[in-house]
Amino acid sequence: MIHEKKAWPDMFEAVHSGKKKFDVRLADTEYKEGDTLVLREWDPQLKKYTGRVLEKKLTFVLNTKQMPFWPGEDIKDIGLSVLSLDDLNP
């Protein structure tokens, strides 16, 4: 399945450069491993697409409304950090 989503310029560029190897989205659609995420760069100031597009394969999907290891109150008060991981010695 193909999922087309907006990406603001700073996030789009981070994915384009290879620095950002994850994405955080509302679970408003049923994402599955192997699906394609199409990122269309969106300029929020001009309120239009820039024309730049990236296609990425979803290799891992975490859909959750809560994390069983932390109380919901902590998540609401503190928030979560989403971390991108890579090998230390590639």
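Helices (H or I, at least four residues) and strands (E, at least two) are DSSP runs, numbered from the N terminus. The model is predicted: local features need pLDDT of at least 70, side-chain atom pairs count only at pLDDT 80 or more, and totals for chains, interfaces and linings use all residues. Residues are numbered from 1 along each chain as its sequence is written, and side-chain values use heavy atoms, with hydrogens and water left out.

**Overall architecture**

- The protein has 2 helices and 3 strands, arranged along the sequence in the pattern β-α-β-β-α.
- Along the principal axes, the C-alpha atoms fill a box of roughly 40 × 35 × 25 Å.
- Of the 90 residues, 20% count as buried; buried means under 20% relative accessible area, exposed over 50%, and partly exposed in between (1.4 Å probe, protein chains only).
- Among contacts (heavy atoms within 4.5 Å) with a separation of 6 or more, 60% come from residues 24 or more positions apart.

**Strands**

- Strands E1 and E2 run parallel and are joined by 6 bridges, with Glu-4 opposite Val-38 in E2; two strands pair if DSSP finds at least two bridges between them.
- Strands E2 and E3 run antiparallel and are joined by 7 bridges, with Arg-40 opposite Val-53 in E3.
- In a regular strand the side chains alternate between the two faces of the sheet.
- In E1, the covered face carries His-3, Lys-5 and Ala-7, while Ile-2, Glu-4 and Lys-6 make up the uncovered face.

**The turn between E2 and E3**

- E2 and E3 form a hairpin with 4 residues between them.
- Lys-47 lies in the loop between these two strands and has a positive phi of about 55 degrees although it is not a glycine.
- Lys-47 is exposed, with a relative accessible area of 63%.

**Helix H1**

- The buried residues of helix H1 (residues 9-17) are Phe-12, Ala-14 and Val-15.
- Seen down the axis of H1, these buried residues fall within an arc of 160 degrees, so they line one face of the helix; the arc is that of the directions from the helix axis to the C-beta atoms.
- They pack against strand E1 (2-7), strand E2 (36-43) and strand E3 (48-57).
- Asp-10 and Ser-17, on the other side of H1, are exposed.
- Gly-18 follows H1 and has a positive phi, near 95 degrees.

**The largest pocket**

- A pocket is an open set of points on a 1 Å grid over the protein atoms alone, where a 1.4 Å probe fits, with protein on both sides within 12 Å along at least five of seven lines; lining residues have an atom within 4 Å of a point.
- The largest pocket has a volume of about 1300 Å³, where volume is the space filled by probe spheres set on the points, which are joined across faces, edges and corners.
- Of its 33 lining residues, Phe-22, Asp-23, Val-24, Phe-60 and Val-82 are the closest to its centre.
- E2 and E3 each supply at least two residues of the lining.

**Ser-84**

- Ser-84 is in the segment after helix H2 (72-78) and is partly exposed, with a relative accessible area of 37%.
- Leaving aside neighbours within four places in sequence, Ser-84 is in contact with Lys-21 and Phe-22.
- Ser-84 and Lys-21 are 63 residues apart along the chain, yet their C-alpha atoms are separated by 6.3 Å.
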